[in-house]
Amino acid sequence: MKVVILAGGFGTRITEESYLRPKPMIEIGGQPILWHIMKYYSSYGFHDFVICLGYKQYVVKEYFADYFLHTSDVTFDLANNSMEVLRKHAEPWKVTLIDTGLHTMTGGRVKRIRDYVGDEPFLLTYGDGVSDVDLDALLAFHREKKRIATLTMVNIGQAKGVLDVGEGGEIHSFREKDDSDGAVINGGFMVCEPGIFDYIEGDDTVLEQDPFRKLCSDRELVGYYHKGFWQCMDTQREKNKLEELWESGNAPWKRW
């Protein structure tokens, strides 16, 4: 199955770094978060990627064009104008990089890669989030439910303590926050049948709005609940959190 990754947005909430490069190219542990996502999918045997580009797409294209330079030891013989790769490490990946437009919305980006996935189901995720979701179990769940789309549901724990307040403002109890207190959201890591393209009109379509609402009304959208690790990288604080996890040697998404 092909893995489609949405990597074309402006990354406006992490402008400290995204003004220089697309958010999926912001590095965690010396490698773009996009690389971490691809390594994770690849660890489950998914090696064929279609990446939807937009903002500063040339940065992504240059990264893969020079992949050996980023991942190998090389010798440059300047006198003879030659380069020798000393330690080669090739990923088993096929990477298709598609310009899906600078201002195209998420649904429009998916619509634009239709010809590259054909009439087969495909995996779909965002280029700014990592997780330890069991992709085999996710795919089995999708096949069991036989719906057009399956998304991974994750729980976002709230940031503050929890109060049990009675009438008149009397506080009956106070406890620290717990992950179970938060809202369940779409964490990406989706599986889609080609029928999803029929729910997307054009470039201005936001996947998470009308298409998902129509899928819900048609009872064609289901959620796979993931209780493990999930983290997006919307802000510098979240980026630093991921960096700390990687540097600790205990990054939950590292299974390679």
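Okay, a definition to start: when I say exposed, I mean over 50% relative accessible area, buried is under 20%, and partly exposed is in between, using a 1.4 Å probe and protein chains only. Now, this is a predicted model, where local features need pLDDT of at least 70 and side-chain atom pairs count only at pLDDT 80 or more, while totals for chains, interfaces and linings use all residues. Residues are numbered from 1 along each chain as its sequence is written, and side-chain values use heavy atoms, with hydrogens and water left out.

Let's take helix H9, residues 236–247. Helices here are DSSP runs of H or I, at least four residues, strands are runs of E, at least two, and both are numbered from the N terminus. So which residues of H9 are buried? Those are Lys 239, Leu 242, Glu 243 and Trp 246. After H9 comes Gly 249, with a positive phi near 80°.

Next, Thr 150, which sits in strand E10, residues 149–156. Thr 150 is buried, at 1% relative accessible area. Leaving aside neighbours within four places in sequence, its contacts (heavy atoms within 4.5 Å) include Leu 138, Phe 189 and Tyr 224.

Last one: Tyr 44, in the loop between helix H2 and strand E4. Tyr 44 counts as buried at 18% relative accessibility. Tyr 44 and Leu 135 are 91 residues apart in sequence, yet 7.1 Å apart in space, C-alpha to C-alpha.

How values were computed: The expected span of a helix is 1.5 Å times one less than its number of residues.
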